Amino acid sequence: MDLIFESERLSYRPLCDADIDLSIELWTDPEVTRYTADRTFTAEEIAGEMPTVVRRCAGGCIGIWCVIDKSTEEKLGSVFLLPMPVDKDDTDWDMVAGEQIPEGEIEIGYILKKSAWGKGYATEACRRILKFAFEETPLEEIVAVIDPENIASRNVLEKSGLTGEGLVPAYTTTCPGFRVTRRQWKQGGSQRG
Ligand SMILES: CC(C)(COP(=O)(O)OP(=O)(O)OC[C@H]1O[C@@H](n2cnc3c(N)ncnc32)[C@H](O)[C@@H]1OP(=O)(O)O)[C@@H](O)C(=O)NCCC(=O)NCCS
């Protein structure tokens with residue numbers, strides 16, 4: 001399975017140790033973490049987590065990709081397919097190891113640095129990862145959850161063909177949930193990556 005791919009303006013490859021600069025830029029910015037974590041993280045905390053994250057990173061059919069601007073080679077953010085945490089508030093990394101897709105629902109998510117917002121990149125990346133999921137893996141459906149106030153993310157999901165399904169349990173709470181099945185994705189030709 002090829003885990004390196006492209007879309008119109010972006011390229012994607014599994015996150016690696018050298019992406020620590022990107023991770024620090026993302027996770028120390030309060031505007032970026034506003035809807036994704038209850039706080040920012042220190043560079044030391046991020047460096048401590050990085051080996052675990054990278055070890056599990058897109059090692060199977062799912063994981064975390066670094067999103068890169070093809071024209072400048074600038075790292076813009078990351079996009080992931082990971083097991084949806086329900087009773088936990090973080091990824092169960094044990095489930096991501098190995099060359100197989102874990103049981104349970106697989107969530108799509110994306111985080112871009114602020115300078116990359118508002119240019120359609122998240123929508124482009126979300127569509128491309130869905131294309132990967134439905135063309136390259138046996139996944140039958142992909143889910144997503146958002147903070148109810150995260151209008152930008154809601155727009156990204158709806159423009160990528162996911163449909164809202166009301167409040168769902170996730171991350172030890174309930175939040176607006178979204179879903180797209182393989183069949184729906186195939187029918188929504190215009191939303192393909
Ligand atoms: C959410 C996020 C990924 C959106 O990235 P983006 O590249 O700006 O998204 P897009 O440019 O593809 O925008 C998607 C749509 O949302 C709209 N939008 C963007 N920001 C918006 C905002 N703050 N309020 C309302 N609409 C917004 C865009 O106009 C676009 O709609 P349009 O094409 O009809 O104009 C980005 O803001 C981000 O990384 N935020 C921090 C992390 C995060 O919240 N991730 C999602 C967790 S669920």
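Let me start with burial: a residue is buried if 20 or more other C-beta atoms lie within 10 Å of its own, exposed if 12 or fewer, and partly exposed in between, with C-beta atoms placed from the backbone. On that count, buried residues make up 34% of the 193 residues in this protein.

Two notes on the source. This is a predicted model, where local features need pLDDT of at least 70, side-chain atom pairs count only at pLDDT 80 or more, and totals for chains, interfaces and linings use all residues. Residues are numbered from 1 along each chain as its sequence is written.

Now the overall fold. The protein has 6 helices and 8 strands. Helices (H or I, at least four residues) and strands (E, at least two) are DSSP runs, numbered from the N terminus. Along the sequence the pattern reads β-β-α-α-α-β-β-β-α-β-α-β-β-α. The radius of gyration is 15 Å, close to the 16 Å from the globule rule for 193 residues, so the protein is as compact as a globular protein of that length. That radius is taken over C-alpha atoms, and the rule is 2.2 Å times the number of residues to the power 0.38. The C-alpha atoms fill a box of roughly 45 × 40 × 35 Å along the principal axes.

Contacts next. Two residues are in contact if their C-beta atoms, placed from the backbone, lie within 7 Å. Among contacts between residues at least 6 apart in sequence, 62% join residues at least 24 apart.

On to helix 4. Of its 16 residues, 12 are buried, so the helix is largely enclosed by the rest of the structure. Among them are Tyr-121, Glu-124, Arg-127, Arg-128 and Phe-132. At 1.5 Å a residue, helix 4 should span 22 Å, and its end C-alpha atoms are 22 Å apart, which agrees. The expected span is 1.5 Å times one less than the number of residues.

Gly-118 is exposed, because it has 10 other C-beta atoms within 10 Å. Its C-alpha atom is 8.7 Å from that of Ala-152, 34 residues away along the chain.

Helix 5 (151-159). Which of its residues are buried? Ser-153, Val-156 and Leu-157. The face turned away carries the exposed residues Ile-151 and Asn-155.

Now the ligand. A residue is near it if its C-beta atom, placed from the backbone, lies within 6 Å. Of the 21 residues around the ligand, Trp-117, Ala-122, Thr-123, Ala-152 and Asn-155 come nearest. Helix 5 gives the most to this shell, with 5 residues. The shell divides into 12 nonpolar, 8 polar and 1 charged. Ala, Val, Leu, Ile, Met, Phe, Trp, Tyr, Cys and Pro count as nonpolar, Asp, Glu, Lys and Arg as charged, and the others, Gly among them, as polar.

Last, backbone angles. Most residues other than glycine have a negative phi. Tyr-171 has a positive phi of about 50 degrees, though it is not a glycine. Thr-172, also not a glycine, has a positive phi of about 65 degrees. Tyr-171 lies in the loop between strand 7 (163-170) and strand 8 (173-181). Tyr-171 is partly exposed, with 16 other C-beta atoms within 10 Å, whereas Thr-172 is exposed, with 11.
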